[in-house]
Amino acid sequence: MNVNVNEKNISFEIGQLIEKELVSEGSLPELRKEAFETFQRLRLPENKTEEYKDTPIARALQKNFTFQAAPVPGKIKPAEFEIPNFEANRIVFINGFFSKEHSNIISPETEISIVPLKKALSEKNALVLKHLATHADFKTDALTAWNTAAWSDGIFLHIKNNQVVEKPILIHHIQDASEAEVWSVSRNLIVAGSSSKSTVVEKFDSRGKANHFSNIVTEVVVDENAEANYYSIQNDAGNRFQYNLTQFYQLNHSRVNTFTFTLNGKLVRNNLQLSLDGEGIESHMIGLYLLDNDTLADNHTVVDHKKANSFSNELYKGIMDGTAKGVFNGKIYVRPNAQKTNAFQANRNILLTDKATINTKPQLEIWADDVKCSHGCTTGQLDEEAMFYLQTRGITKETARAMMLYAFAGEILDHVNHAELKDYLDQLVSERLHKNFWL
């Protein structure tokens, strides 16, 4: 009973913060008001809420945050978190605020346009008015409703029609928690024009020991014949609590490749949703989570096939150590008009201790009869016979364990097709395995 009271209290406190934002914010007042009313109705998800039953986010926020002070810009410098040899367009957020000072766009304006979201709204940009808050459904999720009602900053990224953007676009989220708790709410809209090709990388970092929370919603529209590659690198060594919703909307013959790497953090909730609203669409969702100590990472994915002749493939793998907890919930919907759909989903996990846990739930809902769909999950420990075989060849037990874990994770890295990014991720994974799992 006390848990419910606490959850209602934190919802009330956040509701007060949202109300203040409504008073001070002039953009899209009707939409923000509707989202606020939705948040008040839904409240933060309780333990009995099906989509959050394994991730007590309301309790975590109640326990770890006061939400007394408004978000303020930090003083941290992004250079210390740079990816080696990675030449990219840089969009930097510090404590949820866009930092023009630290951002740097190197691609020509003929290829991409990057504008602060509030400025794009004030200029009545047609694409922003058409797509913002159209694809990410705030009416069924309280955290998305919170974001829609009270986002304080964000960017509008437009990849122009028929353009191949050679340089990746790095969206860098940095939290400065060196002095006090930090929380932020930010919003992004990305439109990949028809027949364009681009790579976007989201990276999360922080400094300081105080708790910090971020609520980030990103809508990505992928127009006809476009290709969008999207990476999320979560390697935050701090006490980061975060909610991310990345909502893709795909049109005819578009292609999307998503990569989610959760290597660190305190509580991470990733909602990745793909709406395939066209024919001839191809979508790939690849994920890896390496968890230790008491980290909780929850990956919820949705692939919604709405039209015929499309293909989706999903592979998520996890390694859990200590008392870490992983959650995977993957849904595939095949609508009545989506005949000739091919959809595949797999989740594979290794538990290294008796106290580590994984809750996995792959789901298929099919309303069409001419389809090829499959899903499955596996959970276990390292193969003792394979370990013994390697040791009989003169390999130490520790090295044999390392080889098997790296091979397990390496299947995910094999899908990364950007050379410098692959080298960086390979280094991160190797370091994490050496530090936490091999010894």
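These are my notebook entries on one predicted protein model.

**Entry 1: confidence**

I began with the predictor's own scores. The mean pLDDT of the protein chain is 91. I found that 95% of the residues score at least 70.

**Entry 2: overall build**

I counted secondary structure next. The protein chain holds 19 strands and nine helices. The box is roughly 70 × 50 × 45 Å.

I checked how far along the sequence the contacts reach. I took those between residues at least 6 apart in sequence, and 85% of them join residues at least 24 apart.

**Entry 3: surface and charge**

Of the 439 residues, 56% are buried. The accessible surface is about 18600 Å². Carbon and sulfur atoms hold 48% of that surface.

**Entry 4: Tyr316**

I picked a strand residue. Tyr316 sits in strand β15, which spans residues 311-320. Is Tyr316 buried or exposed? Its relative accessibility is 1%, and the cut-off for buried is under 20%, so Tyr316 counts as buried.

I listed its contacts, leaving out residues up to four places away in sequence. Tyr316 touches Thr260, Leu272, Met285, Ile286, Gly287 and Tyr289, among others. The list also includes Asn299, Thr301, Phe328, Ala346, Asn347 and Arg348. Tyr316 and Thr396 are 29 Å apart in space and 80 residues apart in sequence.

**Entry 5: Val128**

I turned to a helix residue. Val128 belongs to helix α5, residues 126-131. Val128 is buried, at a relative accessible area of 1%. Which residues does Val128 touch, not counting those up to four places away in sequence? They are Leu117, Ala120, Leu121, Phe156 and Leu189. From Val128 to Asn264 I get 33 Å, C-alpha to C-alpha, across 136 residues of sequence.

**Entry 6: Lys20**

I wanted an exposed helix residue too. Lys20 is in helix α1, residues 2-24. Its relative accessible area is 59%, and exposed means over 50%, so Lys20 is exposed. Lys20 and Val164 are 42 Å apart, C-alpha to C-alpha. In sequence, 144 residues separate Lys20 from Val164.

**Entry 7: positive phi**

Most residues other than glycine have a negative phi. I noted two residues with a positive value.

Asn85 has a phi near 55 degrees. Where is Asn85 found? Asn85 is in the loop between α3 (57-64) and β1 (89-94). Asn85 is exposed, with a relative accessible area of 72%.

Ser195 is not a glycine either, and its phi is about 60 degrees. Ser195 lies in the loop between β6 (182-192) and β7 (197-207). Its relative accessible area is 33%, which makes Ser195 partly exposed.

Key
Residues numbered from 1 in each chain as written. Predicted model: local features only at pLDDT ≥ 70, side-chain atom pairs only at ≥ 80, totals over all residues. Heavy atoms only, no water. Helix = DSSP H or I, 4+ residues; strand = E, 2+ residues; numbered from the N terminus. Buried < 20%, exposed > 50% of the residue type's maximum accessible area, 1.4 Å probe, protein only. Contact = heavy atoms within 4.5 Å. Areas by Shrake-Rupley, 256 points an atom, 1.4 Å probe, with all protein chains shown as cover. pLDDT = per-residue confidence, 0-100.
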